[in-house]
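These are my notebook entries on one model. I looked up charged pairs, strand pairing, nonpolar cores and aromatic rings.

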Amino acid sequence: MKLASVSVGGVRRAGVVNEADRLVSLLSVSVDDVVRGAPVSLSGEVVPLEGLLSPLQRFNRDVLCTGWNYWDHFEESAGKREGQDPVSRPLRPTFFTKGPDTVIGPSDPIAFDPSVSQKWDYEAEIAMVIGLDGRSIPEEKALDHVFGFLVANDVSQRDLQRAHGGQWLKGKSLDATMPLGPWLTTPDEIADLASLRVRCELNGEVMQDASSAQMAFTFAQIIAELSEGMTLRAGDVILTGTPSGIGNAREPQVFLKDGDVVVTRVSGLGELRNTVTLTDLASPGVKL
């Protein structure tokens, strides 16, 4: 099953995606409700597959994230972390969080304000959504707790990452900067979790192209480690890391600018297509 959120008459509605016919069969509850255990009940209404919103809008907490989870990405940034390199490869997953106000839909503009940061970078990722609460989940049972998978781009501000003691929260949490979607795909729709192809294109040029088989720590290992002593709850979103090819590690470096088109794809999970758009983030205000 593929669950999407669409705008119908200006109202957010959830539905089951029929990708072949480009249709969405609307539900009587939201995607967030289904993830948390609500039964799927079709309303009988069908709309075109367009105008998709972020599948999720109700978050329990910050988005949970995994860093350095592709060794080629870890190695490509060696010596380029401005004195914040780890001594060696991590023996266990590296975790951080980013604020939920970062989340935007699969075709929404990525907010860009050069007065806040000069180094905006792309990071194509696979995200997973927890569907069953659990704490200290054994690795062999970890995937039983996953409701589904989707595509994300963890747009990051590298100078902000370096400016705040080496922790990543600030450099990952600017409003309206993380595309998520295009829909939420349940595990039964995925033939092999270890062969998902992760790609990012910038203005038509392929910048990242890798397989989930290259992950340092598997989806199950991430859940087992993250849940040790810490309850994961239905609706929690977990990003699983980005492969090599990021702009900060390139020579010369490549950073996002106003008007850039970023396309993020994961085989079997869909595509995000977002335009980097000049936005005032420096003035006082509320979430975009």
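I looked up Glu201 and found a relative accessibility of 13%, so Glu201 counts as buried (under 20% relative accessible area; exposed is over 50%, partly exposed in between; 1.4 Å probe, protein chains only). The model is predicted: local features need pLDDT of at least 70, side-chain atom pairs count only at pLDDT 80 or more, and totals for chains, interfaces and linings use all residues. Residues are numbered from 1 along each chain as its sequence is written, and side-chain values use heavy atoms, with hydrogens and water left out.

Entry: salt bridges.
I took a salt bridge as a side-chain nitrogen of Lys or Arg within 4 Å of a carboxyl oxygen of Asp or Glu. The structure holds 20 salt bridges. In one of them, Glu201 meets Arg265 at 2.5 Å, N to O. I noted that this pair links distant parts of the chain, with Arg265 in strand E18 (residues 261-266) and Glu201 in strand E15, 64 residues apart. Strands (E, at least two residues) and helices (H or I, at least four) are DSSP runs, numbered from the N terminus. Arg265 is partly exposed, at 25% relative accessibility.

I then turned to Arg197, which forms a salt bridge with Asp209, the closest N and O atoms being 2.7 Å apart. Arg197 is in E15 (residues 197-202) and Asp209 in strand E16 (residues 205-211), 12 residues apart. Arg197, at 42% relative accessibility, counts as partly exposed; Asp209, at 38%, is partly exposed. Which residues do shared partners join into one network? I listed Arg197, Arg199, Glu201, Asp209, Arg265, Glu271 and Arg273.

I also checked Glu123 and Lys172, whose closest N and O atoms are 3.1 Å apart in a salt bridge. Both residues are buried.

Entry: the sheet.
I traced an open sheet of five strands in the order E9-E19-E18-E15-E16, with mixed pairing; two strands pair if DSSP finds at least two bridges between them. E16 and strand E9 (110-112) are the edge strands, each pairing on one side only. E15 pairs with E16 in the antiparallel sense over six bridges. Glu201 stands opposite Val206 in E16.

Entry: nonpolar cores.
I used the term for a set of buried Ala, Val, Leu, Ile, Met, Phe, Trp, Tyr and Cys residues joined through side-chain atoms within 4.5 Å. The largest nonpolar core has 42 residues, and Ile126, Phe149 and Leu256 are among those with the most contacts inside it. Helix H4 (219-227) and E15 are among the elements that each supply at least two residues. H4 gives the most to this core, with five residues. A second, separate core of 24 residues includes Leu3, Val34, Val35 and Leu184.

Entry: aromatic pairs.
Rings of Phe, Tyr and Trp (its six-membered ring) pair if their centres lie within 6.5 Å; planes under 30 degrees apart count as stacked, over 60 as edge-to-face and the rest as tilted. I found five aromatic pairs in the structure. Trp68 and Trp168 have ring centres 5.1 Å apart and planes at 85°, so the pair is edge-to-face. The two lie 100 residues apart. Trp68 is buried at 16% relative accessibility, and Trp168 is buried at 14%. Trp71 and Phe217 form an edge-to-face pair, 6.0 Å centre to centre with 70° between the planes.
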